Amino acid sequence: MSFLRRRKAAERPNAEPHDIDNENDDVHDKKKAKPGPKLRPRRWSCVDNCCWLIGCICSAWWFLLFLFSAMPASFPQYVTEAITGPLPDPPGVKLKKEGLTARHPVVFVPGIVTGGLELWEGHQCAEGLFRKRLWGGTFGELYKRPLCWVEHMSLDNETGLDPSGIRVRPVSGLVAADYFAPGYFVWAVLIANLARIGYEEKTMYMAAYDWRLSFQNTEVRDQTLSRIKSNIELLVATNGGNKVVVIPHSMGVLYFLHFMKWVEAPAPMGGGGGSNWCANHIKAVMNIGAPFLGVPKAVAGLFSIEARDIAVARAFAPGVLDKDVFGLQTLQHIMRMTRTWDSTMSMIPKGGDTIWGGLDWSPEGYFNCSAKKLKNNDTQTADQNRNGRVNYGRIISFGKDFAEIPSYEIDMVDFRGTAKGSNLTNATKCDVWTEYHEMGIEGVKAVADYKVYTAESILDLLRYVAPKLMARGDAHFSYGIADNLDDPKYEHYKYWSNPLETKLPNAPDMEIYTMYGVGVPTERAYVYKLTPAAECYIPFQIDTAAEGGSEKSCLKGGVFSVDGDETVPVLSSGFMCAKAWRGKTRFNPSGIHTHIREYDHAPPANLLEGRGTQSGAHVDIMGNFALIEDIIRVAAGATGEDLGGDQVYSDIFKWSEKINLQL
């Protein structure tokens with residue numbers, strides 16, 4: 001083994017030992033005296049801050065994940081019960097103790113965006129994604145390749161069907177919509193509780209469909225309506241002739257309304273089942289969060305790709321959504337994509353000013369929109385009424401003043417005949433096309449000069465700003481009120497999802513329920529402003545600076561709120577069962593029994609309760625124990641009368657009486 005040794009200094013001849021020592025001391029002193037480089041403290045940069053923050057977040061996340069995986073499964077329940085007291089049994093456990101068992105097969109019809117979609121064919125950028133979920137699950141491809149994801153989630157802007165070389169199809173089975181994303185349930189809680197009393201996959205069916213398509217196009221492309229018909233017939237035949245209980249949610253309500261007309265209609269437009277098909281196969285339709293008459297939220301989405309939460313984010317950090325950040329013009333890409341989804345047009349408000357109100361009236365009247373409780377304020381003092389007055393009929397107003405002043409003071413300049421002028425500012429620099437680029441500055445100004453839009457003029461507005469979208473929409477959907485339902489024109493499929501332009505099936509023994517949450521502020525009307533001109537901009541946005549000025553005001557952040565489930569106003573969910581379908585009417589000639597079941601919203605008491613068991617919110621209501629119990633009882637054989645008939649907390653009957661509709 002070799003060793004390293006210090007090399008000895010060469011000795012000078014004739015040198016005395018003390019001379020060598022003195023010389024070494026002098027050298028040491030010189031080295032000691034020589035000033036070294038001054039050490040400066042390292043500066044803490046912005047990158048260091050970001051890295052430190054990301055490191056802390058990741059460490060905390062993995063630590064919490066470790067604790068969650070290590071703790072006993074019963075620990076969260078133990079802590080919750082220690083705080084709030086013993087938890088009630090889940091509905092399935094409770095009803096099993098009462099002796100209830102599975103009887104009627106159950107069909108689930110998911111709503112918009114809650115059903116999974118997977119890739120079957122794609123372009124080069126989607127290599128390796130065959131049969132991987134593009135919608136639902138972890139949304140991993142959205143983060144990895146966002147532009148490719150947008151391209152494959154979009155439909156053809158002319159046909160409303162698949163673009164060339166792309167096939168995205170709905171996931172099948174109960175897994176299609178049990179969870180929207182990991183940990184975020186949709187149908188999973190209801191399915192689990194039904195399983196408690198004996199249900200299994202052979203007695204449950206998820207009627208999954210491509211929720212982007214118009215309803216009739218799901219049959220044209222995928223034969224989805226035919227598959228639903230066959231599966232319902234199979235469920236009835238293999239379960240002793242017991243009719244099915246159908247449970248649609250959100251837009252699935254409109255989709256199944258379309259199905260009930262399609263299945264009766266003769267081929268080739270319909271399913272050829274005959275006028276008695278629904279009577280022979282369906283016991284009850286239990287609609288959850290039903291947007292029977294549409295939702296104002298859809299108008300804001302189509303007009304400016306906004307809702308309350310997006311508007312707040314857009315105002316707080318406009319550069320992130322409006323400009324080219326991280327290589328994406330975010331809102332513009334989302335607008336281009338969603339404007340190819342024809343199904344969104346099924347949610348546009350129906351019934352015009354007759355249902356939703358005009359310039360100076362609305363069925364809902366006055367409100368106390370305090371966070372504590374939504375309630376009618378007709379008993380308030382005159383001063384409170386004057387301060388709290390809301391013209392809900394004005395769905396879009398350009399400026400807070402025009403949302404409040406009497407209609408005779410509004411100078412409305414008609415936009416319908418205005419020629420679209422020169423292109424928007426620097427539109428050529430946009431990496432994504434929207435129809436606003438073809439409107440020009442003159443067209444944008446004309447839209448704002450009209451000042452106020454009601455449910456009827458909203459349709460003309462959308463036809464002006466999104467002509468290709470509405471051209472497809474007008475071919476598949478309708479938004480009016482029928483004068484004569486015996487007119488042969490109403491046999492066309494475009495009317496089948498509008499309950500005001502079609503008749504319910506000839507099934508007097510069938511029951512229809514509308515089940516929805518109340519007590520949650522829900523978007524009803526909007527205050528808009530013009531966006532300052534910029535590169536590739538969307539010219540309209542909700543004016544988040546528009547405030548009502550008091551805690552009880554219904555105007556907050558440019559949005560007027562009303563009672564509902566956070567997405568669908570009570571008026572849309574409840575009116576048909578409260579009045580238009582109640583008893584024998586021209587819309588319900590066979591007198592199908594209708595029931596209203598409202599669920600008063602109660603948020604979770606603590607974080608350990610998750611999304612709560614008494615929520616009335618549009619999606620969270622799917623875990624509401626009271627709603628699940630009602631569904632299980634009907635599936636086990638009960639009727640609406642057995643449930644106690646109507647359960648109402650809102651003023652839906654009072655508002656319905658204010659609507660002058662021929663019955």
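Reader: Which residues of helix α7 are buried?

Author: The model discussed here is a predicted one. In this model, helix α7 covers residues 188–196. Its buried residues are A188, L190, I191, N193 and L194.

Reader: Which residue with a positive phi follows α7?

Author: Beyond the buried positions of α7, such as L194, the chain continues to a glycine with a phi near 115°. That value is positive, and the residue following the helix is G198.

Reader: How are α8 and α9 oriented to each other?

Author: Helix α8 spans residues 215–222 and helix α9 spans residues 224–237. Their axes lie 6 Å apart and the packing angle is about 85°. Angles of 65 to 115 degrees count as roughly perpendicular. The two helices, α8 and α9, are therefore roughly perpendicular.

Reader: Which residues of α8 and of α9 make the contact?

Author: The helices concerned pack with their axes 6 Å apart. On the side of α8, the contact is made by F215, Q216, T218, E219 and D222. On the side of α9, the residues are T224, L225, S226 and R227.

Reader: Which residues does G574 contact, leaving aside its neighbours within four places in sequence?

Author: The C-alpha atom of G574 is separated by 6.7 Å from that of T514, a residue 60 positions away along the chain. With the neighbours within four places left aside, the residues in contact with G574 are Y516, I596 and I652.

Reader: What share of the contacts between residues at least 6 apart in sequence joins residues at least 24 apart?

Author: The chain has 663 residues, and buried residues make up 52% of them. It contains 25 helices and 21 strands. Among the contacts between residues at least 6 apart, the share joining residues at least 24 apart is 74%.

Reader: Where does F63 lie, and how accessible is F63?

Author: F63 is part of helix α2, residues 46–70. Partly exposed residues fall between the buried limit of 20% and the exposed limit of 50%. F63 is therefore partly exposed, as its relative accessible area is 48%.

Reader: Which residues make the nonpolar surface patch of about 420 Å²?

Author: The accessible surface of the chain comes to about 31100 Å², and carbon and sulfur atoms account for 56% of it. F63, in helix α2, contributes to the patch in question. The residues that make this patch are F63, L64, F66 and L67.

Definitions and conventions
Residues are numbered from 1 along each chain as its sequence is written. This is a predicted model: local features need pLDDT of at least 70, side-chain atom pairs count only at pLDDT 80 or more; totals for chains, interfaces and linings use all residues. Side-chain values use heavy atoms; hydrogens and water are left out. Patches are made of residues with over 30% relative accessible area and no salt bridge: like charges are joined within 9 Å, nonpolar side chains (Val, Leu, Ile, Met, Phe, Trp, Tyr) within 5 Å. Accessible areas come from the Shrake-Rupley method with a 1.4 Å probe; for residues, only the protein chains shown count as cover. A salt bridge is a side-chain nitrogen of Lys or Arg within 4 Å of a carboxyl oxygen of Asp or Glu. Helices (H or I, at least four residues) and strands (E, at least two) are DSSP runs, numbered from the N terminus. Buried means under 20% relative accessible area, exposed over 50%, partly exposed in between (1.4 Å probe, protein chains only). Contact means heavy atoms within 4.5 Å. Axes are lines fitted to C-alpha atoms, for helices over the stretch in contact, and angles run from 0 to 180 degrees between N-to-C directions. Angles under 35 degrees count as roughly parallel, over 145 as roughly antiparallel, 65 to 115 as roughly perpendicular and the rest as oblique.
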